[in-house]
Amino acid sequence: MIKPNLIILILCIAFYAIGHQPLQAQTTGNFASKADSILQLMTLEEKLGQLNLPVGGDITTGQAGSSDIAISIKAGQVGGLFNLKSAEKIREIQRIAVEETRLKIPLLFGMDVIHGYETLFPIPLGMSSSWDMALVEQSARIAAIEASADGINWTFSPMVDVSRDPRWGRVSEGNGEDPFLGAAIAKAMIQGYQGDDLALSNTIMACVKHFALYGASEAGRDYNTVDMSRQRMFNEYMLPYQAAVEAGVGSVMTSFNDVDGIPASGNKWLMTELLRETWGFDGFVVTDYTAINEMIPHGMGNLQEVSAMALQAGVDMDMVGEGFLTTLEKSLKEGKINQTQIDEAVRRILIAKYQLGLFDDPFRYADPNRSQNEIFTPEHRKVAREIAAQTFVLLKNEGDILPLKKQGTIALVGPMADNRENMAGTWSVAGRFTESVSLKEGLENALGEQAKIVYARGANVVADSLLESRVSIFGKPTYRDERSEEVLIQEALAAVKDADVIVAAMGESAEMSGEASSRSDIEIPQNQRALMQALMDTGKPVVLVLFTGRPLGMAWEEEHMPAILNVWFAGSEAGDAIADVLFGEVNPSGKLTATFPQNVGQVPLFYNHKNTGRPLPEGEWFQKFRSNYLDVSNEPLYPFGYGLSYTNFEYGDISLSSTQLSGDQTLTVKVSVTNTGTVDGAEVVQLYVRDLVASITRPVKELKGFQKVFLKAGESKTVQFDLTQEDLKFYNYNIDFVFEPGEFEIMVGGNSRDVEGSLVNWQ
Ligand code: BGC
């Protein structure tokens, strides 16, 4: 009789032979058969281990071998780890997986690499405001190079949740309110992370999240219920996720919310019928952090029941919650799930590991040499500075206060002026916060001896110390000054006394947006506003450099401040990039991707809304028995697509190739754009369409094209868009994706409000 040990040895040799074949143009198909060969060798425990994704936590090298995680790995209970930083630690943990487990299956190493790794780019909402897909892709490419050098092979990005609610803190992590733009960004980011070959040592697997509809949490309160019609879902929210699948994203993360009354992580319609069967996704699905366990308070049953529900829905990997690890065996024995369901999930995770080349070389992503030389490099930081400057949105510039001259005395005031750590913005797990360039340093670098800088803090981020303690976290201190706000203002007034111009660095701190950072009041805190008022009262020109992770209610600032430059949270090189724009080395060209309301009561306020049966006539702001408010007009403060420049752009008339089209014809839309100012600049030319009559109500405008064009002073260019029937399709009452013949208004402009339109009839 053959001894059990011998059988294991034979199996291991067979597995080694399979796992170490050269990887030549491998398709998912042949990875699948390799994965099947491993599956045959696996015990049930080992299979469930592959479905388990614990958080890496703070394992320190040297302890790695003896940590709890190491014990679980050796027992074959771990499929991957996440948010563990450093090539050295990852190598050590990977070594345990491939040397000290029975089947030697390598681990995935994930991380929230959201807007850069150590070299941080602007927060995603800022990145989207560049409207520049090449730059978006480049930022993801650099993030992948740095993360992979440190051992990371999987990022929990892009986050593509459409959101129209600035109360929700996670608007900072997404691309704003438009599905068309969101879809383009999803594709660019996935291309940047995954490249054309996932097995290369400097590409990493992307994970599109949070599937689905997380950005529509009721009242903007994080993790809250989502309930919407299928029409809205498909016409207004799903496109970016679908685009990610089309771009070949390797993995998908479930969302915390429910969709149609069933939490996403247990929603079979969502995870299997739509994602896999309709869209053809063939990667693996991971839950969000403990999302399976959270189905218990959602009212879906106990841990065993919700874990079985998630597996049956099509979820493959359980992040942190261990519901799969601890209950699926019991469910299998009781016939509540079947072996095929487990095997499918394991197979998908093994295939991902093959795609990443981990069986070929489990250490390919943790190269000490690359880790030393390819992270936070001067080249990457230079690109980060250039990109950051492209994301800033000039909201107001009365009397051309900006750009500033490099002369005289410049006063810098405000709680965000001298704070390196907060430049990172939210979700910057691997960032070197203390090495970011603060605005104060940026001004000093730009000015040298040419002008004098005086500085005073002037205000805390918020007057309420309890609130401030909630947003002074994750290594991003706000350096609260315990003196009274009045004393801080007086100190600032004394400091600015001899200044020629005041730069006020105000708004939110980095962690006032992001996860679990919803706000019911979306204005700049009152104590900062009091400081702005005091500065304005000096009669000196004041430029508001606005730090924010969300659209803010800024009616007061728009009314009182002569110049406002929105810089979001711009990452490692923030200070230098802001100085580049303040002094006119770079002409701002960012445009908002989320509407700024006048006040929070208008929320949700978005450009692609539908008409009502009682719309307000254009130019009016109140009429009895019309759809409006008594106390505020329907207009946004700053519309979607809005942003100024140091120059002016003039649009010519739109010319259409035809106003009568049929079938497969292409409509060519042309418009000439001229830079009529005296400096060079870039303009984001936007194309919107309105479907005038349809079988369901349709939005008053939908973005269907955009181009960022660079124009030298005085230069004109003709911008061309081509539209086909495909671009005019929508999901009808039966959720069929259809083209309905009829009249369409084609509009072009520099933002969603100021457009010129022309009608076409398309049969
Ligand atoms: C977030 C995800 C993130 C995950 C892992 C969750 O709380 O919702 O976006 O990827 O944590 O850190």
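Guide: A polar side-chain atom of Arg170 lies 2.7 Å from an oxygen atom of the ligand, a polar contact being a pair of N or O atoms within 3.5 Å. The model is a predicted one, in which local features need pLDDT of at least 70 and side-chain atom pairs count only at pLDDT 80 or more, while totals for chains, interfaces and linings use all residues. Residues are numbered from 1 along each chain as its sequence is written, and side-chain values use heavy atoms, with hydrogens and water left out.

In Asp112, a polar side-chain atom is 2.5 Å from a ligand oxygen atom. For Asp288, an N or O atom of the side chain lies 2.5 Å from an oxygen atom of the ligand. Taken alone, the ligand exposes 310 Å², and the protein buries 95% of that (accessible areas by the Shrake-Rupley method with a 1.4 Å probe).

The shell may now be viewed as a whole. Around the ligand there are 14 residues, of which Asp112, Arg170, Lys209, His210 and Asp288 come nearest; a residue is near a molecule if one of its heavy atoms lies within 4 Å of it. By class, the shell comprises seven nonpolar, two polar and five charged residues, where Asp, Glu, Lys and Arg count as charged, Ala, Val, Leu, Ile, Met, Phe, Trp, Tyr, Cys and Pro as nonpolar, and the others, Gly among them, as polar.

How values were computed. Polar contact = N/O pair within 3.5 Å; in protein donor to acceptor, adjacent residues only side chain to side chain.
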